[in-house]
Amino acid sequence: MNVLRLLISKGAIISIGIVIISLIYYFLGKSTWHYYPIYLLGLFHFLLLLFQYFEILRVNPFNKGLTIGLSLFLPILTYLFLAIFPTMELPLPSGDFMIGTKTFEFTDEGRAELYAGDKNTKRRLKYQVWYPTDDVENLKKEKWLSAGTLVPRQLLKSASLPAPPFLLDQLALIDSNSYANAIISKKNERYPVIIISHGWRGFRELHTDFAEDLASQGYFVLSIDHTYGSEAVEFEDGTVARLNREALPRMVKPAIFSKKAQQLAITYGEDVRSVLDDLKNLNNRFHGKLDLETIGLLGHSTGGAGDVYASLRDDRVKAVIGMDAWVNPLDLNELKNGLTMPALFLRSKQWARRESRKPLDLLVSNSANAEIIEMDKTKHLDFPMIYMLSPYTNKIGLTGELGGRESSVIQRAIVLDFFEDKLKNQQTNKDYLKDYIEKYEHLYFEKDDRWFEELAERINQERQPK
């Protein structure tokens, strides 16, 4: 056998091995786009085998170098894809309860849909619930995103990013920590209710970390898809309501933007009140286990504004948390009235630097029991689960220096302790907020918050070296 035949036979063995490896990857379910370079390499070597078999291709320095180069470059490309856009796991809940989940939808016949283009259309809403359960035997974990790739692809489309539409498809493969259609736990007589509202261009699953954590601790949690403010909502009949950019348009006169922004915040708030009305029907489906006298709200950005709007009008709300709550579009005279229920506002460093922070400061200064905690090294998108897109969201400026996942750990702990105190009255440590300030050096009490002035001064004194 001459040297040429020896090279061809060795190349054939390598090519066969690469083709087999690519087929194994495929049949093992490694069929996400990250592995496309591996499949491309397998196809390349398959064609190489055919060309050699039919003596179409002769070995020369060029095609030999090309083969070696592709055989090294394409696997490295797959590795980079997996590192930058991995299929990550959701944070594990902190409580002892296992978690059940279901989705529901309803139409509020008393409200016109403002964003569908048809004045005769009524407001249609979808929401997902998470709740404690005792038994998950023979049940299947729900996917984090129940509509598959619909939301990830819409997310890329609405962001107008120069990226392939499948870039975030791996998000649809992520399992949640919740089991579909489980029976609600019988351990407690009733469970306090928490309603979550996402921000503009969010979606209901974007706060699953909060929902699952609270459910594992004995809360009944409900997250609303705010139709046309959500990236995409797929209803049971197959209808898809996608984000309506005209609800909050860019490049318009300030007066037009203010009017649109106010209408959007009010719409979010009225969605919350519609869901509050629907809780009676929901309670019947869950055997009366919902404590309708103990209801809290949790909202981000426009969702936080909607929560404040609802809280100013509805005495069914007993406590509220806003994360970078964008209350600016709400009526200033109403904000001056303040909130009567306990309220906590978490504010990112990014939003703390804005002049637009003043409406929230106005609300807090006129509320009986409201606090603001600022989080250093954070941005507006540290509150939703943007960290699930990539481990490097903080490197490209989407989230803050602290990192969305790390920030989420702190947020979930504060949120849980707040609701344990204000809804369950089970928080024995009444200085829990002070403890967080002392534990995490990048947490600060809002300087203008009169309720915390004395406490903040005492903490600063305690931090002074002795």
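User: Which elements each supply at least two residues of the lining of the largest pocket?
Analyst: This is a predicted model, in which local features need pLDDT of at least 70, side-chain atom pairs count only at pLDDT 80 or more, and totals for chains, interfaces and linings use all residues. Helices (H or I, at least four residues) and strands (E, at least two) are DSSP runs numbered from the N terminus. With at least two lining residues each, the elements you want are α4 (150-159) and α9 (349-352).

User: Which element gives the most to that lining, and with how many residues?
Analyst: Lining residues have an atom within 4 Å of a pocket point. The top contributor is α4, and its share is three residues.

User: How much space lies in the largest pocket?
Analyst: A pocket is an open set of 1 Å grid points where a 1.4 Å probe fits, with protein on both sides within 12 Å along at least five of seven lines. Among the 38 residues lining this one, the closest to its centre are Ala159, Arg201, Leu381, Ile386 and Leu398. The space comes to about 1,100 Å³.

User: By class, what does the lining of the largest pocket have?
Analyst: Asp, Glu, Lys and Arg count as charged; Ala, Val, Leu, Ile, Met, Phe, Trp, Tyr, Cys and Pro as nonpolar; the others as polar. Sorted that way, the lining has five charged, nine polar and 24 nonpolar residues.

User: How many residues of strand β5 are buried?
Analyst: Buried means under 20% relative accessible area with a 1.4 Å probe. Strand β5 spans residues 191-197 and is mostly covered. The count is seven of seven.

User: In β9, which residue is the bridge partner of valine 193?
Analyst: Strands pair if DSSP finds at least two bridges between them. β5 and β9 (residues 290-300) are parallel, with seven bridges. In β9, valine 193 is partnered by isoleucine 295.

User: Which residue in β6 does valine 193 stand opposite?
Analyst: Strand β6 covers residues 220-225 and runs parallel to β5, joined by five bridges. There, valine 193 faces phenylalanine 220.

User: In β10, which residue is the bridge partner of isoleucine 295?
Analyst: Strand β9 is mostly covered, with nine of its 11 residues buried. Six bridges join β9 to the parallel strand β10 (residues 317-323). In β10, isoleucine 295 meets valine 317.

Definitions and conventions: Residues are numbered from 1 along each chain as its sequence is written. Side-chain values use heavy atoms; hydrogens and water are left out. Buried means under 20% relative accessible area, exposed over 50%, partly exposed in between (1.4 Å probe, protein chains only). Grid points are joined across faces, edges and corners, and a volume is the space filled by probe spheres set on the points.
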